[in-house]
Amino acid sequence: MPRRPVLPSAVLAAVLLQVQPSGFPGGAELCGASGALAADAFVDGIDDLPLMPGLVPVADQALVFDKPGGRIVQAVATGSLDASAIRSFYAETAPQLGWAAAGEGRFVRDGEFLRIELVEEPAASGRGGPVTVRFMLIPQ
């Protein structure tokens with residue numbers, strides 16, 4: 001199966017300019033003068049899926065396996081963000097990058113299936129703790 005072309009950085013930047021951070025905690029801090037999200041990191045192994053600002057990759061949990069039948073990617077990130085804000089970010093961003101929604105946290109594109117799972121960790125203070133985000137990409 002031929003590899004899907006990677007979006008040029010100018011196209012990806014144009015998409016990110018359309019994402020508004022108003023619903024995200026600390027939205028003002030995540031913006032530059034133009035109001036665009038300052039997404040300068042991408043999900044490990046998924047070159048054109050931005051890592052939401054505020055999430056940090058967990059490098060020792062990344063797995064990338066590329067084979068003729070398609071690629072398999074598992075990446076993990078964590079951050080002290082609201083889980084609903086993370087869901088909203090990817091629900092809005094992924095379709096702008098060609099991913100069609102296939103249920104909550106599920107997307108399909110070019111013969112690939114992307115699943116985004118969130119695990120909210122309890123905090124000792126009673127307020128929400130860090131959120132772990134697991135990105136899984138498999139052939140469809």
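## Exercises: a core and its strands

Of the 26 residues in the largest nonpolar core, the ones touching the most other members are Leu 55, Ile 86, Tyr 90 and Phe 135. Such a core is a set of buried Ala, Val, Leu, Ile, Met, Phe, Trp, Tyr and Cys residues joined through side-chain atoms within 4.5 Å. Buried means under 20% relative accessible area (1.4 Å probe, protein chains only).

This is a predicted model: local features need pLDDT of at least 70, side-chain atom pairs count only at pLDDT 80 or more, and totals for chains, interfaces and linings use all residues. Residues are numbered from 1 along each chain as its sequence is written, and side-chain values use heavy atoms, leaving out hydrogens and water.

**Exercise 1.** Find which element supplies the largest share of this core.

*Solution.* Start with the suppliers. β3, α2 (83-96), β6 (112-122) and β7 (128-139) each give at least two residues. Helices (H or I, at least four residues) and strands (E, at least two) are DSSP runs, numbered from the N terminus. Now pick the largest share: α2, with six residues.

**Exercise 2.** List what Leu 55 touches, not counting residues up to four places away in sequence.

*Solution.* Contact means heavy atoms within 4.5 Å. Leu 55 touches Ala 77, Thr 78, Gly 79, Leu 81, Ile 86, Tyr 90 and Val 133.

**Exercise 3.** Describe how β3 (residues 70-79) is covered and how it pairs with β1 and β2.

*Solution.* First, cover: seven of the 10 residues in β3 are buried. Next, pairing, which needs at least two DSSP bridges between two strands. β1 (residues 56-57) pairs antiparallel with β3 over two bridges. There, Val 56 faces Thr 78. β2 (residues 63-67) also runs antiparallel to β3, joined by five bridges. Here Phe 65 stands opposite Ile 72. Last, the link: a hairpin connects β2 to β3 through two residues.

Notes: Buried < 20%, exposed > 50% of the residue type's maximum accessible area, 1.4 Å probe, protein only.
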